[in-house]
Amino acid sequence: MTAETKTRVRTRRAILDAAVSVLAKNPAASLADVAAEAAVGRTTIHRYFPERSDLLTAIGADVLDKIAAATDRSRPAEGPSLEAIARLCSEFFDLGENLTLIFNVPEFGDWEGWEQETAADRAMLDLIKRGQAEGDIDREMDAVWIQHLIWCMLYTAWSHTHTNGASKHESLTLCLRSLKKAITA
């Protein structure tokens with residue numbers, strides 16, 4: 001990898017990280033706000049992402065990559081299902097700012113990247129179904145419902161941290177406890 005390529009990769013990463021930070025706080029923030037946070041010029045932003053929609057598409061793809069990596073780190077096929085769900089939620093909780101952005105920016109509601117089922121989606125559903133088959137997770141609850149419930153609980157935990165000033169540890173603990181009570185057989 002050449003020095004120019006390494007610089008481009010670092011600059012792109014800085015822009016994406018700055019965009020997530022800025023847009024998570026203010027979904028209506030301008031590209032100039034993102035440029036200021038990334039410590040680059042506005043023309044640099046436009047060189048990498050000519051339109052706001054290009055930046056949002058890149059953020060969406062980056063978030064999907066982060067979800068995939070977090071899913072892999074959580075080892076969803078290992079151990080008791082409820083413990084695996086707790087590991088998965090812990091990994092996803094660390095993506096809070098990224099996922100809060102996805103949930104709060106209206107343009108992401110129509111993003112085509114959400115239309116396709118990912119390996120991470122399948123891994124979560126497989127984990128839920130395994131827990132149901134083993135008798136740890138309520139069989140009368142639809143697996144997709146439980147998957148949505150997990151995302152809702154995580155969103156609530158992130159919100160509790162940012163809105164109410166709760167510690168991350170406290171919010172994640174409440175999330176996991178509530179989730180366990182909701183889905184345990």
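## Helices and overall form

Helices (H or I, at least four residues) and strands (E, at least two) are taken here as DSSP runs, numbered from the N terminus. By that definition the protein has nine helices and zero strands, and from the N terminus on its elements run α-α-α-α-α-α-α-α-α. The structure is a predicted model, in which local features need pLDDT of at least 70 and side-chain atom pairs count only at pLDDT 80 or more, while totals for chains, interfaces and linings use all residues. Residues are numbered from 1 along each chain as its sequence is written, and side-chain values use heavy atoms, with hydrogens and water left out.

Taken along the principal axes, the C-alpha atoms of the protein fill a box of roughly 55 × 40 × 30 Å. With contact meaning heavy atoms within 4.5 Å, residues 24 or more positions apart account for 66% of the contacts with a separation of 6 or more. The accessible surface, computed by the Shrake-Rupley method with a 1.4 Å probe (for residues, only the protein chains shown count as cover), comes to about 10200 Å², of which 53% belongs to carbon and sulfur atoms. Of the 185 residues in the protein, 41% are buried, where buried means under 20% relative accessible area, exposed over 50%, and partly exposed in between (1.4 Å probe, protein chains only).

## The largest pocket

Rolling a probe the size of a water molecule over the atoms shows where empty space is left. A pocket is defined on a 1 Å grid over the protein atoms alone, as an open set of points with protein on both sides within 12 Å along at least five of seven lines, in contrast to a cavity, where a 1.4 Å probe fits but cannot get out; lining residues have an atom within 4 Å of a point. Grid points are joined across faces, edges and corners, and a volume is the space filled by probe spheres set on the points.

About 510 Å³ of space lies in the largest pocket. The elements that give two or more residues to its lining are α4 (52-74), α6 (96-104), α7 (119-134) and α8 (143-164), and α8 gives the most, with five residues. The lining has 17 residues, of which Phe103, Trp114, Asp121, His148 and Trp151 lie nearest the centre of the pocket. These lining residues divide into 10 nonpolar, five polar and two charged, with Ala, Val, Leu, Ile, Met, Phe, Trp, Tyr, Cys and Pro counted as nonpolar, Asp, Glu, Lys and Arg as charged, and the others, Gly among them, as polar.

## The nonpolar core

A nonpolar core is a set of buried Ala, Val, Leu, Ile, Met, Phe, Trp, Tyr and Cys residues joined through side-chain atoms within 4.5 Å. The largest such core has 55 residues, and those with the most contacts inside it are Ile59, Ile85, Phe92, Ile150 and Leu154. Its largest share, nine residues, comes from α8.

Ile150 lies in helix α8 and is buried, with a relative accessible area of 0%. Neighbours within four places in sequence aside, Ile150 is in contact with Ile85, Cys89, Met124, Ile128 and Leu179. Ile59, with residues up to four places away in sequence not counted, touches Leu16, Ala19, Val20, Leu23, Leu101, Ile102 and Phe108.

## Other buried positions

Ile183 is found in helix α9 (residues 168-183) and counts as buried at 1% relative accessibility. Beyond its neighbours within four places in sequence, Ile183 is in contact with Leu82, Ile85, Asp136, Ile137, Asp138, Met141, Ile146 and Leu149. Gln132, placed in helix α7, counts as buried at 10% relative accessibility, and its contacts, again leaving aside neighbours within four places, are with Ile137, Asp138, Arg139, Met141, Ala143 and Ile146.

Thr161 is found in helix α8 and is buried, with a relative accessible area of 12%. Residues up to four places away in sequence not being counted, Thr161 touches Phe93, Ala166, Ser167, Lys168 and Ser171.

## Loop residues with positive phi

Ala39 is found in the loop between α2 (31-38) and α3 (42-48), where its phi is near 60°, a positive value in a residue other than glycine. With a relative accessible area of 70%, Ala39 is exposed.

Arg75 lies in the loop between α4 and α5 (81-93), and its phi, near 55°, is likewise a positive value in a residue other than glycine. At 38% relative accessibility, Arg75 counts as partly exposed.
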